Structure formats: C-alpha cells, structure tokens
Amino acid sequence: MAQCEVRAIPPFLLSGKDSGMQEEAEGLLDSVELARAKALPPAAGIAFLAGRLAQRRLAAELLSLPAADLTVAYSCPQCGTGPGVGHGRPGYSYRGAPVPLALSLSRAAGWTLLVAVVDASPGTRLGADIEDPSRTGFDGFDGLALTPAERRNLRNVRVELLPAARARLWARKEAWLKMTGDGLRTAPSTVDVSGRPGLRDLGPAETGLPAHLAAAVALSGPVQASGSGGSGSS
Ligand SMILES: CC(C)(COP(=O)(O)OP(=O)(O)OC[C@H]1O[C@@H](n2cnc3c(N)ncnc32)[C@H](O)[C@@H]1OP(=O)(O)O)[C@@H](O)C(=O)NCCC(=O)NCCS
C-alpha cells in the first residue's frame, strides 16, 4: 500500500543565507517558479523559493530522480495544467510524462509542510494545510469560515482554547479544499469538516511542526499514513 510522507521545513533564516538560496533556486527551479518569486515582495519571494526547493528535493528523493530533471506540472482549476503553469495543485513531470507522486504544500508562521504519496495512482488526490492559531482571531472569522453546526460546537469550547479550535477547523477545511482542487473558490463556511473520510488532523509528533500550529491532511483514497516528521529528515 502507498505511504504518506510528511516533512516539516523550519523557517528559512534570511540573515546572510538568501543569496546562496537564490543561486540554488536559479539552478534547480523552472522559469515559471522563478518568475513567480520575482513578482512577490522580497521576504515572501524567499519563503516561496525555499518551499519550492524543499518540495522539488522531496519529490526527487522519493522518485530517485535528479531534482533538476523534474519539470513543474501544476494544475489550476482556472488556468489548466502544463509546464507553463506554476500555481495550483502541485505536480511534476519527468521527460514529458507525469510522475506518480501526489503532493501538497502549506506555509504558515515561517514553516513549510510537505506531504507526498509515492506511487500514487492517477486519480489520487491529496491536500495538506497548516494554520497558526494567532491568524484566526479576527472579527468575523466564524461567519466567514465555519458552518452553522461548527459555530454551535464552538460555543462549548473554553475561551482560551478557541484559537486552537478555530485553527484546527481551518487547517482541515483548507486540506480538504486542496484535495478537491477547488481551494477557496468553494466557500469554507459550506464545508463541514467533521467525519469526512480521508481527512484527519496531523499532530506534532507526526509532522515535526511546533505543537501550537494546527495541521491536517486529506486523501482521496485509502492510503496508509507514516509520518516521518522533523526538519527535512525522514
Ligand atoms: C489553495 C489555497 C486555499 C491555499 O492558500 P493559503 O492557505 O494561502 O496557502 P498555503 O501556504 O496553505 O498553500 C499554498 C499552496 O497550496 C497549493 N495550492 C494552491 N492552489 C491549489 C489548488 N487549487 N489545489 C490544490 N493545492 C493548491 C500550492 O502548492 C501552494 O503552494 P505555492 O505557493 O508554492 O504555489 C488558495 O491558494 C486557493 O484557494 N487557491 C485557489 C484559488 C484559485 O483557483 N485561483 C485561481 C488562480 S488563477
């Protein structure tokens, strides 16, 4: 049975290391990725490149292929798929053929979470998300993000535990909506995330993320989970 690989990449430290990383990115990433980074503010561009480098290296390692030989083959619900598409659902091709790997990436609080399913059958879909509880405290979050049933359930949660509970729900929603490929084109307040098959929380022991960050993964088919956790190790 295919296995779910889980890796957490710690915050990239800007001080003095960004120039080396830029060089590495220029050697390994595709032009569509470099162009996306260039269009972002500098710090966001660096975080983007660091995540894409880590994702490509993980894909290459799992497929036993040279990282430089992979070509991005993302799928966007609006723009479609192909080598020129560098946004949407992650994917790679090798010598013109899609590689048998389902991938998902999420960034929060400087961390990057990567989840992969090796030898994925063509229909396998995967979504993963991390969320920082401090980002869920704004007025209107519940109305924007939660279903009426989820809002009712939160009434029973102690006030000091609310940020963590909201972050857990949000991570599940985004993991689910990445798995379907719709992302936030589907209103999260219409997606109840309790008891959905293939959707589960990821704990810090499995991911290697700090315990305060919420994380979740959604898989479209039955796949055995075996998180390796830690900072880029397996
Ligand atoms: C998916 C989405 C919810 C993630 O947003 P987020 O929480 O801000 O960001 P995260 O760090 O958790 O995840 C970002 C990753 O999600 C993945 N992703 C983006 N869109 C995706 C989609 N439609 N399906 C699956 N995964 C997707 C990418 O791997 C992206 O990484 P990248 O920045 O290296 O490209 C959001 O990007 C979204 O709703 N996208 C779809 C909107 C859309 O279709 N727009 C049309 C664009 S032309």
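Guide: Start with the make-up of the shell. The residues around the ligand divide into eight nonpolar, eight polar and seven charged. The shell has 23 residues, and the nearest are Arg 89, Ser 106, Lys 178, Gly 183 and Leu 184. Bear in mind that this is a predicted model.

Which elements supply the shell? Helix 3 (42–63), strand 7 (101–108), strand 9 and helix 6 (162–180) each give at least two residues. Take these elements in turn.

Strand 7 comes first. Seven of its eight residues are buried, so strand 7 is mostly covered. Its partner is strand 8, and the two pair in the antiparallel sense over eight bridges. Ser 106, one of the residues that come nearest to the ligand, stands opposite Leu 113 in strand 8. The two strands form a hairpin, with two residues between them. Look at Ala 109 in that turn: its phi is positive, at about 50 degrees. Most residues other than glycine have a negative phi.

Follow the chain past strand 8 (111–118). The loop between strand 8 and strand 9 holds Asp 119. Asp 119 also has a positive phi, near 55 degrees, and is not a glycine. Is Asp 119 buried, exposed or partly exposed? The count of other C-beta atoms within 10 Å is 13. Exposed means 12 or fewer, and buried means 20 or more. Asp 119 is therefore partly exposed.

Strand 9 (residues 126–131) is next. Six of its six residues are buried. In a regular strand the side chains alternate between the two faces of the sheet. Here Leu 126, Ala 128 and Ile 130 point one way, while Gly 127, Asp 129 and Glu 131 point the other way. Both sets are buried. That includes Asp 129 and Glu 131, which count as charged.

What does strand 9 pair with? Six bridges join strand 9 to strand 11 (residues 214–219), and the two run antiparallel. Within that pairing, Ala 128 stands opposite Val 217.

Now helix 3. Helix 2 (residues 31–38) packs with helix 3 at an angle of about 155 degrees, and their axes are 8 Å apart. That angle makes helix 2 roughly antiparallel to helix 3. The cut-off for that description is over 145 degrees. The crossing of the two helices is right-handed.

Go on from helix 3 toward strand 2 (70–72). Ser 64 lies in the loop between them. Its phi is positive, about 55 degrees, although Ser 64 is not a glycine. Ser 64 is exposed, because 6 other C-beta atoms lie within 10 Å and the limit for exposed is 12 or fewer.

Three bridges join strand 2 to strand 5 (residues 92–94). Val 72 stands opposite Tyr 92 in strand 5.

Last, helix 6. Lys 178, which is among the residues nearest to the ligand, falls within the range of helix 6, residues 162–180. Beyond the helix, Ser 189 sits in the loop between helix 6 and strand 10. Ser 189 is partly exposed, with 16 other C-beta atoms within 10 Å. How far is Ser 189 from Lys 173? The C-alpha atoms of the two are separated by 9.0 Å, and the residues are 16 apart along the chain.

To recap, the shell around the ligand draws on two helices and two strands named above, each with at least two residues. Strand 7 is mostly covered, and so is strand 9.

Definitions and conventions
Residues numbered from 1 in each chain as written. Predicted model: local features only at pLDDT ≥ 70, side-chain atom pairs only at ≥ 80, totals over all residues. Helix = DSSP H or I, 4+ residues; strand = E, 2+ residues; numbered from the N terminus. Pairing = 2+ DSSP bridges. Near = placed C-beta within 6 Å. Axes fitted to C-alpha atoms, helices over the stretch in contact; angles between N-to-C directions. Parallel < 35°, antiparallel > 145°, perpendicular 65-115°, else oblique. Left-handed = near helix turned anticlockwise from the far one by under 90°.
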